[in-house]
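Me: Hi! Could you walk me through this structure, starting with what sits inside?
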Amino acid sequence: MQTYRVQNVGFFRVGLFGDIIVALHGIYATKVLYPNARLIIYTSAYGELIYPHFWFIDEVVNIETYELEKLATHIDSKHFDLFILTNPNRKYCALLAQTHCKRIYSFLSAGNFFRWRFKTLFYSRAYSTTPHYKRILNLVCSTAQAYHDTNIFDFSQITITPQTHNKVFIEQFLTQNNIDKKNTIILINPFVRSAFCNLTLKGWEILIHKLADTYPHFTFIIPTYQANPTIHITATNNNIFIFYNNHDVLNLAALLNHTTLLISPSTGTSHLANNLNIPMIWLCSKSDSKKWMGDNMQSDLFVILPTTTQNMTQTQENHAIDQTYMLFQSYFK
């Protein structure tokens, strides 16, 4: 494996909660390949919440607090020997092109196809089955000519750890609801922001009540927050609880640490569970089952949704509900 002597490495990763999590493999690999370099992450507000807690990240910059011109000036002030851009849209490619970064690595896109300073790695959107976390990892390894040597990394280092106040927040929730941590706790997340394939809210209500009725000795917790629609739970189900979160997504990490199984569509909560190695029944599209699969996910627990929520027929949704229910039964045999 050949590495380059560098003093400063920039890593650009923005997006929602799940986008931030799937980049952790690549970010950690960057530090391993360039252990003496200062690693600076340019990210979104979600990244500003997650990334500072990892020892291998030296500095976190929230790009949402900068105008693009000032952001370019900030990047140049760091004198990067290497910059890794994982969001290669036209705007961010143009931003990096105007900086003086010595080497820029990114995925091939329309935004950098004609820019000679970019060294690119190509993945077909239509045909590639490589999960996105592994694409980012391979991009990082290509910078050090270690493209085929991804087994050298100890990825236990990227496990997200909730802070003390997150643990206290969850302990208060469990105590206030008289939830015994020794019970089997199931987390069911019906909500998604980033994918178009999901059950309807009514479909989730049917599934949740069916599971709660069949497993009265299990505790079912539904995480939500203010922006989500209201889910209706029958009062007779005393083993179903709603967890109202604030804007601190690390509270979910603390809650997942008490969880036996997650049921969720393709969204940030599922990527967080994957990071924490929490088993999950994952409801997703066929394309998401490839692109967004995590290293700890089990494909035999996937429920493939055949179409978007908007186009799903009642028969198709009923089939997905039944399949999820049967997988649940099989898991707890």
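Reply: Happy to! A nonpolar core is a set of buried Ala, Val, Leu, Ile, Met, Phe, Trp, Tyr and Cys residues joined through side-chain atoms within 4.5 Å. Buried means under 20% relative accessible area, exposed over 50%, and partly exposed in between (1.4 Å probe, protein chains only). This is a predicted model, where local features need pLDDT of at least 70 and side-chain atom pairs count only at pLDDT 80 or more, while totals for chains, interfaces and linings use all residues. Residues are numbered from 1 along each chain as its sequence is written, and side-chain values use heavy atoms, with hydrogens and water left out.

Me: Which residues have the most contacts inside the largest nonpolar core?
Reply: They are F11, I27, I50, Y51, I160, I221 and L272, in a core of 65 residues. Another core, of 29 residues, lies apart from it and includes F191, F218, V303 and A320.

Me: And what does I160 touch?
Reply: Leaving out residues up to four places away in sequence, I160 touches I21, L24, I50, F54, L250, A253, L272, N275 and L276. Contact here means heavy atoms within 4.5 Å.

Me: Switching topic: how many aromatic pairs are there?
Reply: The structure holds 24. Rings of Phe, Tyr and Trp (its six-membered ring) pair if their centres lie within 6.5 Å; planes under 30 degrees apart count as stacked, over 60 as edge-to-face and the rest as tilted. Take Y28 and F56: their ring centres are 5.1 Å apart and their planes at 70°, so this pair is edge-to-face.

Me: Why does that pair tie together parts that are apart in sequence?
Reply: Because Y28 lies in helix 2 (residues 24-33) and F56 in the loop between helix 3 (45-50) and strand 3 (59-62), the pair joins parts 28 residues apart in sequence. Helices (H or I, at least four residues) and strands (E, at least two) are DSSP runs, numbered from the N terminus.

Me: Is helix 2 mostly covered or uncovered?
Reply: Mostly covered, with nine of its ten residues buried. Among the elements that the buried residues of helix 2 pack against are strand 1 (8-13), strand 2 (38-43) and helix 6 (132-143).

Me: Nice. Where does the charged end of K210 sit?
Reply: Over the ring of Y325, 4.3 Å from the ring's centre. That label needs NZ of Lys or CZ of Arg within 6 Å of the ring centre and within 35 degrees of the ring normal.
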